[in-house]
Structures are given as C-alpha cells and as structure tokens.
Amino acid sequence: MSDLGIRESSVTGGLGQSPLRPDGIAKSEGAYEFSSDLSADNMLIGKTLRSPHQHARIVSINTAPALAISGVHRIITAEDVPGKPTYGLISSDQPVFAADVVRYIGEPIAAVVADDEEICARAVDAIEVTYEVLPALADARLAKDPNTPSIHPDGNVIREQNVITGDVSVIGDVVVEEHYSIGMQDQAFLGLESALAIPDEDGAGVECHVATQWLHEDLGQVAACLDLPESAVRLVLGGVGGAFGGREDLSLQVHVCLLALATGRPVKMHYSRSESFLGHVHRHPAEIWMRHHATSEGILVKIEAEFVFDGGAYASTSSAVLVNAVTHAQGPYRCEHADVKGIAVRTNNLPCGAMRGFGVVQACFAHERQMDLLAQACGLDPLEIRRRNAMSTGDRLITGQVVESVAPVSEIIEGLSRMPFPQRAGAAEEHPYELPGGAGNTTRPDDVVRGIGYGLSIKNLMYSEAFDDYSTARCQLRDGIVTLKFATAEVGQGFITIAPQIARSTLGLEEVELDVIDTNVGSAGSTSASRQTWMSGGAVEAACLRVRELVYQHVATAEGTDPLVYTIDGTELVNTNTGDRRPMADVVIGLEFDEEVEYRHRPTVPLDENGQGDCHTAFAFVGHRAVVDVDIELGLVRVVEISTVQDVGRALNPLSVTGQIEGGIAQGLGLALMEEIIQRDGRIMNPSFTDYLIPTIADMPPVVAELIEIPDPQAPMGAKGVGEPPTISSTPAVIAAIQDAMNTAYGSAPHLRRVPLQPSDVAKTVNAGLGD
Amino acid sequence: MTNIHDERHFELTVNGERHEVVDVYPGESLLTVLRDRLGLTGAKGACEEGECGSCSVLLDGNLVCSCLVLAASATQSSVVTVEGLGGATDVQTAFVECGAIQCGFCTPGLIMAATNLLERSPEPQTDEIREALAGNLCRCTGYGRIVEAVQTVIAQRGQGAS
C-alpha cells in the first residue's frame, strides 16, 4: 500500500522531523484569527434563548416585547426554519429550535439578532415563553424500562448492542465483579463556540466561518435546515481553539446562518463559557457492571459486562459511543468467552456525544479496575496479570474480528516495567508545592503515602460499522511550488504541520503551501477518532504520489526511458539505472500538475445482534503508569509522574506526538481527579471554570513517554493515530495508584470504582477506622 | 484612584499609543474594549471571570486578567497586550520552537504570564514556573512543552549573560 522506500529522506522539513507549526508565529503574536476574532462591516450580533426547564411543553412564545427594544432586528423561532426542522450526526432527531416540547435545560428556543451583545441579552430576557412543565426523566436506568413514557418520538432507547461469543456458561476458578461509574466530562476547549455568517448579496446563499471538526458534515446538515442547495452554502474553517469531540455536532451553525439570511447582514454569534456548557455535547456518564472470570493462574476466560450510557435528550453519536464501549470491554487482553450487554438511552439530561476516546474511556476505566481486582485475587502483581493476558497481532477479539494491526501489548508492558521510579525527597526537603495540598500548604508530610498504578488500553482508529469513511486531498504543482488543498479541520492537533511534511518527503520539494481550509474541495471527514493522520495523511500522500508519478512519466518521456527507473532521494531525482541525480527543484521547472484523490480505509461491516463482525478498521495500544502522593487523611492527591509507552506506528512528527501524549494525559488525569459536570434536576451546578476544574500546570506532573515505532503495514506511511490513546488508560492508572497508596496505608482499602475521585473516597477510609 | 471624566468616552494607553474610546457601555471590561472597540484581538476571552488567564495583559507592568479590569478604570494606566511585545521575543520564539502551541487560544495569555514571570524572577525553578503559570489554563498541551519553553528562555538568557 504505502511506499516505504523513501522514508528516511533528508529533505528539510520532511517526515520524521519536527518542523515548526505554520501558524505558530501568528499564534504567539496574537495575530492568528480564531473564529471569535472575526468581524465584518455592518455586522450584527446573535444570541440564543434557551429552555429553563428539563421537560416542558411550549404553550406560547411572545417575541413582541423583545422586538420592541431599540436595536433588535429580528427574532427567529422554529417557525422560521425553512428547511428540515431537525438535525443530528447519526439520526436527525434534534430540533434546530424546540417547537412544541423542550427536552433539556439549555435547549434552544429562539435566536435574537441585534446591534450589539448588550441589546441581545436584554432581548433574550424579554421574550415571553409560557411552559407547561412535564415530568422529567433524569435516570438512565428508568429510561430503559418499557413502562417509562417516551420523551421523544423515536423512543427512549437510542441503541442496544450486545457482544456475545463462546460459551457464556463457563465459570472461572477466580471471579471478580464490581459496579463502576463515570461522571460527565466536558471537552472544555478554550476557544468558545463562535461563527460569522455572511449572506450573499443576492440573498440566495451564505458563507459561514465556523470553528468545527467536520466542515462537510456541517454543510450537509446546515443546507438541509436552510432549505438551500449545498452549492449555495460555503463553510470556511474559522480558527479553532481546541475541539476534543465537542465540535462534531452542530451548535450555532444553523442559527447564525438563518439570522444572516433573515437580515441580509453579516451576523456573529459566540457563546460564553456558561452557554458553551449547554451548547455542546459531553462525554457520556456511564454505569458499568463487570464480572471477570479467570483461571487460578490469572488467565482470563470470560468477561461479563453491562453498560448503561445516559445519552441525554438527543441521540448525537450515542450509538457509536455504545459500540466502542461494548466492543472494547475486554481491553488489550485475550478472552475467549464474553457476555456483554450495552444500552444507550435518552433522558432529559444534557445531550452527550463525542469526546476524545469516546466509549472506550468508560470501558477502559472498568476493565482496568477489574484487572487490578483480578491481580489481587490471583496473588499477582498488576503488570504480571496484564503480561499473562496481553493480546498480540492475530488474536481474535470478542467480536470475532482478528486484530491485524501491529499489537505490541507485551512490548508496552515490558517498557513500563523498565521505567525508573521518581524518588521522593525526604520530608524535610519537600517543598509545599510538591505536596498534595500544593501551595495551600494543607498537607502534613507525614500523612503522605506514595502509590503506583497501571492502565492499558486498546483503541479503534477511524470510523466503524460500514461507515463510508474517506478523505480528499488535492496536490497542485506549479512553478516548483506544491500547494495542498483539503478540508481537514485543523483544531490544534497539527495536521497543517504534517501535511507539508508528507508532500516534501514524497516529492522531494521543500516549498509547500497550504490552501484555505473550506468546502471547495471534497470532504476530509471529521477531525476525530484519531483518524486524520491516517485518513487525510493518506489522501495527501496519495495525491502527492500521483503528481510524482506524472513527473516520472514526463522525465522518462524526455529521456526515452521507463518511469519505473526513477526514485526520489531527499531532494534529488535519481535514475536508478544510471545513478544520475538531479535536484527535483530543477526537474519540475515548467511542469504543472493537479491531482485530487479520495482516500478510503478498508471497508468494515456492521455488527450482528450478537455483536459479531469486523466492525473496526484498525487499533492502537498504549500503557500508562502513574505515581501519586496521597494525603491519606485529607484525601488530597498529587500526581508525581506519569510514564507511558505508546504504540504509534511511526512518529511522523515526534514533537507533535509528544504534544498529543502530554495533552491527552492531562485530560485523562482531569477525569480521574476533578472533571465532572454536576447536574441537579438537569441544571448544571458548575458551568464555569471556577467550579468545573480542569488541570492547571501545577496539577500536571512530568510525563515520561516512550514510543513504540513499528510501522503498521496497513497504515499510510506506517503511522497510527495518536490522539485518543493517551486520554484513555491514564485515568485508571491514576486511580490504581491512589488505590495502591490506600492499600499501603491500610493493608487493604475499599475498591475505588468511580471517577472523578472525591477526596472523601479516600478520607472516609480513615473515618471507617481502617487506618488504625 | 481613577480619574473617570466620562465613563462612556475616555482614552486608553495601549502598547504605547493613546486610543480614544467612545460610546462604550459603562461596565465594559478592558478585554471587551481591547477586542471589540480597539480591534486588538490578541487577548482572548475563554471564561470572562478571571479563571483561565487567556485575556492576560500587563497593566502598569503587572499581570492582570483584562476581563476583570473595568476599562474606564484604566485611563491613567499603561496597558501592554501581546501585540505590544513587538513580535519574535525570545519567549514567543521558544513557545513556537518547543511545541508549546497547539490550538494556540491560551498562547497570548501564557506568553504575557511567562514574560512577566521572567521579568520578576529571571531564573525560576520548575516549581516556581508551575506556580506562576497556574492561572493560565491550556487544554491541548498538558503543559509539558510550555515548561520546556520557559526553561529554554532561562537557559538562553543565562548563556547570553555569561
């Protein structure tokens, strides 16, 4: 598939090097334009009215008092949506504006457009909505009860999916079971939702500059709601301030376009932090039960599990999240028999959907906590139980799919076992900053106990279940300059850095320019599921290879030889027959080529009712070791260090890989220790960075990362996606380390089974008298 | 002690230049005025309550969250934003070269905070760097490359001085 022959190329800024981000200088100088920085002459501001009720019938909406405010131009509601009234990624079940019923606190009901922010806020407050409050369905376990009334015409069950294989009656010598909970995590990207919509002069179309993860998916959904042909809607990527799954669903796109078309003027919308918590989907909270069966030697024989995912009011990507969870229930371990059940349901809670590691984060927390329980029951250490069960290439998953990807799980375990441990300074020398209480100086050094824990995971890459997953890229060669065009959303991950690297190494030309990222080229698919290096990287490589082939043909014709004799070495074209070398920059003078390619990964199939089928494309593996200091009395935790060994296939840009690893681990640490959206009766109690805490630089320990670079034969350039794995098993590693510290302090302590951890989960052990 | 002649019309000194600010709402923050009135969008808003540091600027040499400063109270002060650093300072260059920038939304605030830290304390230890920058949230990088960037500047300045 891939041409691995030129991979050790010496072209400056080629693959395997870490050239600088093309947007780095602009970002460092404040000159880079994020979508929230955009403005236009004659621009108006839009704002959304949202439901204050979890579940209610809308009796009436009176916009007259708001329209009477000077400076208010228009107010739109469901009646003003000319096209499809609903949208959604997998099923179109979410209203652009609630028409008759609201199903969660924060659901959009109307949008105002006015001269400025202040007038917008007053107008939103002045809209009079009469509601008839309905009983709210807040408990996911109730939602699946057939006697519970449906809150949506599509029913309360979004999807059920089981994975059943082998002999489900098998019983192991050793059996461990437990219930686990995962709280609702927020993507908490820093760049809030924002967009600028500019109507065409004739009013027949609109251009929308928006921070998103998937321009073409937005385009299709937006055009349908606007009742415009896709050709009349142009989406341009506005500077994106992080995404992490939270920009995969539409938020304000349709609203802002409607307002621009309604007024004939440019309209900007941007959310505040508190509105952002309502305006995008979150990581699914999950309730998980697992029972692991093993031989007395600790060899896994059967996994039983039940997953309940609270999808909130609308489906979003709940279906894909559920499938990821049930198909990854075994973790990176061999297991012959499985009885895994899963369900994702609707409730009147916040809609949930994609977030980094979707579905696998939840499954991994449970299976890794189970592996630690099993280790304890078998009298093995945590690495040994994992070593004995480590999956390898060629093993069959519980779905029946054979793992064809490079699966270096044993190598990951060995790598982790070789990592040196950080030394704890003597209590006398320890600076308060280095204690769990931090600068607050609340911890007595004598109460600190160190713990060590491990987590391993397997993650599918790209989209699954027969989805027609592709990416488009165009390579133009003119005047010796290569120009790449793609619609791949750059959200901070650095595709705009590696795309030129791919072109340089493939073509031996150092001057590479990037065209605007917009919908004037085919879809690139979403910047999610760890897929863009593989998919859009594969598309860029394929387009560049076509251009290279045309260069070879041109030269071969001129020299009267066969194109097959040529190769590129660094920046030179080499005739392998004669040994003749010429700089590629000279060879391409006067040549013009323009090639566009759609890259597809190999097809996948849907799961059958027993969850059997080759539903995933490829897999990546990772392991984490956390070292923590725990104030056993106060329940405070300081993560001292996280080490990781990650299967990356091949690091196309080592600095970017490091960035993904460190950044992903920070989000995993956040879920372990602090990040949770707290809802009470469907209302978010902590919709701010004051109360929804994400790790600061003081919370993040040093990360020691080792990469396993075994190029994957199925991956373009051998490179696997690296974005999600760091987030997945870092969470259980941190919790396992805290458990280890508690066990050290008390001999044994209650099994930790919920994230994020609360200080009381640790401290109550003291109060229970276990510390004496 | 501020000297507000007219809270809807005043002048601000930003990056060494006097700017006339007209027709603002009385309660507008310095961040809003910088971004929406003066077109200086380098300072970012990600929380607007002083928690994230994205809007960090220097007010008379002190690091502040511009979202928490009433614009009309800053008329007698000198404001420096990321645009006023001049570009390609050693701190900015180190952030670019060390991989401290991904989405970059937090970057201007962190550059202001790091610049200010190194003015106050030329050779901070790692703990001090972490403590000083703990008011600036970054969601992409996990901070490892940010610490690296600051340490790189310290090392470069140390070599330059010797």
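## Contacts of A:Ile738 and the nonpolar core

In this predicted model, A:Ile738 is in contact with A:Gly451, A:Val628, A:Val630, A:Val637, A:Leu752, A:Leu757 and A:Val762, when its neighbours within four places in sequence are left aside. A:Ile738 also belongs to the largest nonpolar core, a set of 303 residues. Within this core, the residues that touch the most other members are A:Val112, A:Cys257, A:Val628, A:Val734 and A:Ile738. The largest share of the core, 11 residues, is supplied by helix α9 (residues 360-378) of chain A. In soluble globular proteins, nonpolar side chains tend to be buried together.

## Helix α9 of chain A

Of the 19 residues of α9(A), 17 are buried, so the helix is largely enclosed by the rest of the structure.

## Overall form of chain A

Chain A contains 17 helices and 32 strands. Its radius of gyration is 27 Å, close to the 28 Å that the globule rule gives for 772 residues, so chain A is as compact as a globular protein of that length. Taken along the principal axes, the C-alpha atoms of chain A fill a box of roughly 85 × 80 × 60 Å.

Burial and contact order can be stated for the chain as a whole. Of the 772 residues of chain A, 59% count as buried. When contacts in chain A between residues at least 6 apart in sequence are considered, 81% of them join residues at least 24 apart.

## A three-stranded sheet

In chain A, three strands form an open sheet in the order β6-β2-β8, and the pairing is antiparallel. The edge strands, each of which pairs on one side only, are β6 (101-102) and β8 (128-133) of chain A.

Strand β2 (residues 56-62) of chain A pairs with β8(A) in the antiparallel sense over six bridges. A:Ala56 has A:Val133, in β8(A), as its bridge partner. Strands of a sheet pair through backbone hydrogen bonds, either parallel or antiparallel.

## The interface between chains A and B

On the side of chain A, 48 residues are in contact with 42 residues of chain B. The elements of chain A that give two or more residues to this side are α1 (24-28) and α15 (654-673). The largest share, seven residues, comes from α15(A). By class, the side of chain A that touches chain B has 22 nonpolar, 17 polar and nine charged residues.

Helix α15(A) has 20 residues, of which 18 are buried, and is thus mostly covered. From its first C-alpha to its last, α15(A) reaches 28 Å, close to the 28 Å expected at 1.5 Å a residue.

B:Cys140 lies in the loop between α4 (126-132) and α5 (144-161) of chain B. With 31 other C-beta atoms within 10 Å, B:Cys140 is buried, because 20 or more count as buried.

Which residues does B:Cys140 touch, not counting residues up to four places away in sequence? On the side of chain A they are A:Gly242, A:Gly492 and A:Gly663; in chain B they are B:Gln102 and B:Cys103. B:Cys103 is 37 residues from B:Cys140 along the chain, and their C-alpha atoms are separated by 6.9 Å.

Methods: Residues are numbered from 1 along each chain as its sequence is written. Chains are lettered from A and ligands numbered from 1 in the order in which they are written. This is a predicted model: local features need pLDDT of at least 70, side-chain atom pairs count only at pLDDT 80 or more; totals for chains, interfaces and linings use all residues. A nonpolar core is a set of buried Ala, Val, Leu, Ile, Met, Phe, Trp, Tyr and Cys residues joined through C-beta atoms within 7 Å. A residue is buried if 20 or more other C-beta atoms lie within 10 Å of its own, exposed if 12 or fewer, and partly exposed in between; C-beta atoms are placed from the backbone. Helices (H or I, at least four residues) and strands (E, at least two) are DSSP runs, numbered from the N terminus. Two residues are in contact if their C-beta atoms, placed from the backbone, lie within 7 Å. Ala, Val, Leu, Ile, Met, Phe, Trp, Tyr, Cys and Pro count as nonpolar, Asp, Glu, Lys and Arg as charged, and the others, Gly among them, as polar. Two strands pair if DSSP finds at least two bridges between them. The radius of gyration is taken over C-alpha atoms; the globule rule is 2.2 Å times the number of residues to the power 0.38. The expected span of a helix is 1.5 Å times one less than its number of residues.
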